[in-house]
Amino acid sequence: MGKHHDHQDCLQALRPIRDTLDVISGKWKLQIIISVNAGNRRFTEIQRSIPKLTPKVLAKELKELEQNGLIERVITEVYPILIEYFPTDYTQTLDQVVESLQYWGENHRKHIFKKEPEKKKEMK
């Protein structure tokens, strides 16, 4: 049987996961990060790249991503004022997370929508 962990061990393991989910969870945050990483810099470009994302929600999410150091808001003092959003160097720390989520999502989709039941591999 597996080793049982006490409550503190469990909390210590779950805290960093909870912190991560607090920063990137939700319907829009990762999509916004991916959009900005893809080169969408202006508010309207980001909004157009993500179907069903409202301006109010985009503004809120960009602010939270900026507070967490994942997006940088740059204001250029020209007329009219130009506001652009850029990924920070820190954003790159999410690359493996995003790739893992994409890989898992693709496999989960195959698993759920597969016509034939998945065959178990025989153990030798």
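Modeller: Five salt bridges are counted, a salt bridge being a side-chain nitrogen of Lys or Arg within 4 Å of a carboxyl oxygen of Asp or Glu. The model is predicted: local features need pLDDT of at least 70, side-chain atom pairs count only at pLDDT 80 or more, and totals for chains, interfaces and linings use all residues. Residues are numbered from 1 along each chain as its sequence is written, and side-chain values use heavy atoms, with hydrogens and water left out.

Colleague: What makes the contact of D22 and R18 a salt bridge?

Modeller: The N to O distance between the side chains of R18 and D22 is 3.0 Å, which is within the limit, so the pair qualifies.

Colleague: How do you know that D22 and R18 are about one helical turn apart?

Modeller: The two are four residues apart in helix 1 (residues 7–24), and therefore about one helical turn separates them. Helices here are DSSP runs of H or I with at least four residues, strands are runs of E with at least two, and both are numbered from the N terminus.

Colleague: Why is D22 called partly exposed?

Modeller: Its relative accessible area is 47%. Buried means under 20%, exposed over 50%, and partly exposed in between, with a 1.4 Å probe and protein chains only, so D22 falls in the middle class. R18, at 45%, is likewise partly exposed.

Colleague: Why is K29 called buried, and which class does E64 receive?

Modeller: K29 has a relative accessible area of 6%, so it is buried. E64 stands at 24% and therefore counts as partly exposed.

Colleague: Why is K52 called exposed?

Modeller: The relative accessibility of K52 is 76%, so this residue counts as exposed. K52 is found in the loop between helix 3 (43–49) and helix 4, and has a positive phi of about 75° although it is not a glycine.
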